[in-house]
Amino acid sequence: MIKSFVVFGIGRLGSTVARTLFDLQNEVLAIDINAEKVRNISEDVTTAIQADITDGEVLEDIGLKNFDVAIIAIGTNLESAIMATMACVEAEIPLIVAKAPTKRYGRILRKLGAHKIIYPEMDMGVRLAQKLTDDGILDFFELSEDYGIVEYRIPDSWVGDTIRDLEVRNQYHINVIALRRNEDLIVQNISKEPLRKEDIIIFFGSSEDLGAMKALYDESN
C-alpha cells in the first residue's frame, strides 16, 4: 500500500529517510530552506520544495491533511521544528515522527503532539560507547531509557550448550529473541539449538540486566 510522507529538513537523516521511502514506492514530499539541498534531492523524491517553514502561510499551502506520516528531521532549529510539529498536529496527520538532538528538545516536541521522538546522535553515541567498552558486544539498540536489544558474541563457556540448558531467562533475566549463524537468522526453536563459537546471540532485556552480561563475558574470556 502506497503511503504519503512529508519530510521536513533534508540533511543527512532527512535525505536518507526521504530517498529510502521513495525507493520503497511511496509518495514523498521533501521540504528544506536550503536551495542546494532541495536541488540535490529533487530527482529522488516525488516533490521537493524550498520553503521557510516558520512562515505559517507556506505550511497552509502544502496541504498537510493529505499526508499519512510526517518526519520532522530538522537539526538544531527549534523554532522550525516547533512550527512544523504544530502544523502537523493541527492537520491531524496520523503519525508524526520528530528528530531531537537532546532530551529537553524531544520533550518539547512530544508535548506539542509528536507521536514518536528519535535521538539519532544520542543513540549512535550510546551504541559506540557500548561497543568500545565491551569486547563481547557487536551492536546495541536502545529501545527506551530502561530497555534495549544487544547483539553479543557467544561466551566461550556457552559453546555446545543450549539456551534451555543454560536457563538464560531464569539466570540472567533477559530474553533471547534470535540467533545469528553466518548468514542465517534463527528465530524458531532457539532454546533447543546447540550453540557454536561463531554464533551471535540477540538479547532483549533491561539495561541493568544486559549490562550484567559484560561480567559474564569477561569471566568466560
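This is a predicted model: local features need pLDDT of at least 70, side-chain atom pairs count only at pLDDT 80 or more; totals for chains, interfaces and linings use all residues.
**Exercise 1. Asn26**

Solution: 
- Step 1, location. Asn26 sits in the loop that runs between helix H1 (12-23) and strand E2 (27-32).
- Step 3, polar partners. The Asn26 side chain reaches the backbone nitrogen of Lys3 at 3.1 Å. A polar atom of that side chain also lies 3.1 Å from the backbone oxygen of Leu21.
- Step 4, surroundings. Set aside neighbours within four places in sequence. Asn26 is then in contact with Met1, Ile2, Lys3, Phe5, Leu21 and Thr46.

**Exercise 2. Asp199**

Task: Which residues does the side chain of Asp199 meet through polar atoms, and where in the fold does Asp199 lie?

Solution: 
- Step 1, location. Asp199 belongs to the loop between strand E10 (184-186) and strand E11 (200-206).
- Step 2, accessibility. Asp199 has 0% relative accessibility, so Asp199 is buried.
- Step 3, side chain to side chain. Asp199 makes a polar contact with the side chain of Arg181, at 2.7 Å.
- Step 4, side chain to backbone. A polar atom of the Asp199 side chain lies 2.8 Å from the backbone nitrogen of Arg196.
- Step 5, wider contacts. Beyond four places in sequence, Asp199 touches Tyr152, Arg153, Ile154, Leu179, Arg180, Arg181 and Pro194. Tyr152, in this list, returns in the next exercise.

**Exercise 3. The aromatic pairs**

Task: How many aromatic pairs does the whole structure hold, and which residues do ring pairs link into a cluster?

Solution: 
- Step 1, count. The search finds 3 aromatic pairs.
- Step 2, one pair. Tyr152 and Phe203 are edge-to-face, with 6.3 Å centre to centre and 65 degrees between the planes. Tyr152 is in strand E8 (residues 147-153) and Phe203 in strand E11, so 51 residues separate these distant parts of the chain. Both Tyr152 and Phe203 are buried.
- Step 3, another pair. Trp158 and Phe203 are also edge-to-face: 6.2 Å centre to centre, 85 degrees between the planes. Trp158 lies in the loop between E8 and helix H7 (163-166), and Phe203 in strand E11, so this pair ties together parts 45 residues apart in sequence.
- Step 4, burial. Trp158 is buried at 2% relative accessibility. Phe203 has a relative accessible area of 0%, and is buried.
- Step 5, cluster. Ring pairs join Tyr152, Trp158, Tyr172 and Phe203.

**Exercise 4. The second largest pocket**

Task: What is the volume of the second largest pocket, and which residues lie closest to its centre?

Solution: 
- Step 1, volume. The second largest pocket contains about 260 Å³ of space.
- Step 2, centre. It is lined by 18 residues, and the closest to its centre are Gly9, Asp32, Ile33, Ile74 and Ser80.
- Step 3, classes. The lining of this pocket has 8 nonpolar, 7 polar and 3 charged residues.

**Exercise 5. The whole chain**

Task: How many helices and strands does the protein have, and what percentage of its residues is buried?

Solution: 
- Step 1, elements. The protein has 9 helices and 11 strands.
- Step 2, burial. Of the 221 residues, 40% are buried.
- Step 3, contact range. Residues 24 or more positions apart account for 53% of them.

Methods: Residues are numbered from 1 along each chain as its sequence is written. Side-chain values use heavy atoms; hydrogens and water are left out. On a 1 Å grid over the protein atoms alone, a cavity is a set of points where a 1.4 Å probe fits but cannot get out, and a pocket is an open set with protein on both sides within 12 Å along at least five of seven lines; lining residues have an atom within 4 Å of a point. Grid points are joined across faces, edges and corners, and a volume is the space filled by probe spheres set on the points. Ala, Val, Leu, Ile, Met, Phe, Trp, Tyr, Cys and Pro count as nonpolar, Asp, Glu, Lys and Arg as charged, and the others, Gly among them, as polar. Helices (H or I, at least four residues) and strands (E, at least two) are DSSP runs, numbered from the N terminus. Buried means under 20% relative accessible area, exposed over 50%, partly exposed in between (1.4 Å probe, protein chains only). A polar contact is a pair of N or O atoms within 3.5 Å; within protein, one must be able to donate a hydrogen and the other to accept it, and residues adjacent in sequence count only if both atoms are side-chain atoms. Contact means heavy atoms within 4.5 Å. Rings of Phe, Tyr and Trp (its six-membered ring) pair if their centres lie within 6.5 Å; planes under 30 degrees apart count as stacked, over 60 as edge-to-face and the rest as tilted.
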